[in-house]
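Please take a moment to look over the sequence and the model shown here, and then follow the paragraphs below, which go through one residue at a time.

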Amino acid sequence: MTDLATYNFAYLDEQTKRMIRRAILKAIAIPGYQVPFASREMPMPYGWGTGGVQVTAAVLGPDDTLKVIDQGADDTTNAVSIRAFFQKVANVRVTTKTADATIIQTRHRIPEAQLQAGQILVYQVPIPEPLRFLEPRETETRKMHALEEYGLMHVKLYEDIARHGHIATTYAYPVKVEGRYVMDPSPTPKFDNPKMHMSPALQLFGAGREKRIYAVPPYTEVVSLDFEDHPFEIQTFSQPCALCGAKGSYLDEVILDDKGGSMFVCSDTDFCEDRQAKGHRGALAADTAEAAE
Amino acid sequence: MRSDTQIFEGGFSDSVLNAQTVFRALMDAMANPGRIVEVSDLAAPPAPLTSLAASIAATLFDHDATVWCDRAISGSAACTGWLKFHTGLELTGEPADADFALISDVATMPSLESFCRGTSEYPDRSTTLILQIDGFDGADTLVLEGPGIKDSMAFSPSHLPRMFVDQWVANRAAFPRGVDLIFAGKGVLAALPRTTRIKKTEA
């Protein structure tokens, strides 16, 4: 690629990478604790994954294979543009296959396929502070983390139960890491929370606008907050994926017409395509639907 | 003239990709405590600095890093000159003020307690210690457990600070405050973040 030389490798200058790398090492040493870092302006707006991009850029090397997903999909705008960005500024190999990737940058999902030791999952995080909507002052939330004072979070979950009869939080569901820090797992559906627990992969979280990096090392306890009489539960779906027939994957609703027709398909496109390639078919897969006509 | 050559030469041949290589080794080690990660010799600093410790310095230090060096390193004009020229670091004589500590002689180093553990609100503002050792075939074996370790991990560095097990228990008890250790051997490194617990020791 001839225009590679106009940027430093992976876009960021070396001093910025050193600053981010120091923050990442501290984040790994203190699982779930938000390390402040000097987030840079990136060539994309805040809210489009600037934190995740900076973490990926600081970690990425020429031997890596990068996968980028947005809500589980490899082919949505955010995923396509970030993947193209790193192809351009780092000339790195890219893939859509979860198993082939060494680094997976994600917005709001954890892949369905079990991650392996050595893989790195980089989350794009909008609001890293799980207590922020309960207490707007950073000075106070910092003190609450220091004192391990998380009663307010339990009150919030309790109010859910009082109002709705069950814990109504469905995404960004708070977790406790290694029995110490309460952490926001980023707006992943709570369906994905159990995948964080004892994951063999290293999980890094970058929040660009809020200037925080945090991490969960491999094989670390990640427990979703709950109550004895209202245990944590994940979402379930009444029907399997309409394309690959998978049961037990996280499904997105896709509107089909203006008469209320819709279908539910896997949000993880690689998982769904992989199953279809292996011959699994759902009710609305192209060939099943043709055969039915 | 000769000492000048020692100072100016021996840095990374490719500052971008060499730093990335060393950082990934460090991140791998920190995320998997006790794991021994190989790194080839990328820097050639003056003694008593070792190639790997110097590579780590060139990867992590810059004008934003305050570094304490033990007497053997700080007493060598060639070593401090090399570090200043290749990283631009800020040197300090006070271990408690240091973001990093570079230690060439583990046997005579100050206690872990004398370095900065950070505050309970900012436990990340602590010292990361880089210990130069020979390797990981020491006589004593520590059995480690904690985040990053699946079941348990045997760890036998050739050198350990005095009364290490007691010092580490105290460091662990201060969690989330505490220091993190990077052991730099010859071509191999390993790390002990503050979360790691020593389950038992075997001779």
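Tyr214(A) lies in strand β9 of chain A, which covers residues 212–216; strands here are DSSP runs of E with at least two residues, helices are runs of H or I with at least four, and both are numbered from the N terminus. The model is a predicted one, in which local features need pLDDT of at least 70 and side-chain atom pairs count only at pLDDT 80 or more, while totals for chains, interfaces and linings use all residues. Side-chain values use heavy atoms, without hydrogens and water, residues are numbered from 1 along each chain as its sequence is written, and chains are lettered from A and ligands numbered from 1 in the order in which they are written.

With a relative accessibility of 0%, Tyr214(A) is buried, a term that means under 20% relative accessible area, where exposed means over 50% and partly exposed lies in between (1.4 Å probe, protein chains only). Leaving aside neighbours within four places in sequence, Tyr214(A) is in contact (heavy atoms within 4.5 Å) with residues including Ala27(A), Tyr33(A), Met183(A), Asp184(A) and Phe205(A). A polar atom of the Tyr214(A) side chain lies 2.6 Å from the backbone oxygen of Asp184(A).

In chain B, Gln132(B) belongs to strand β5, residues 128–132, and is buried at a relative accessible area of 7%. The side chain of Gln132(B) reaches the backbone oxygen of Pro48(B) at 2.9 Å, and a polar atom of that side chain also lies 2.9 Å from the backbone nitrogen of Thr50(B).

Definitions and conventions. Polar contact = N/O pair within 3.5 Å; in protein donor to acceptor, adjacent residues only side chain to side chain.
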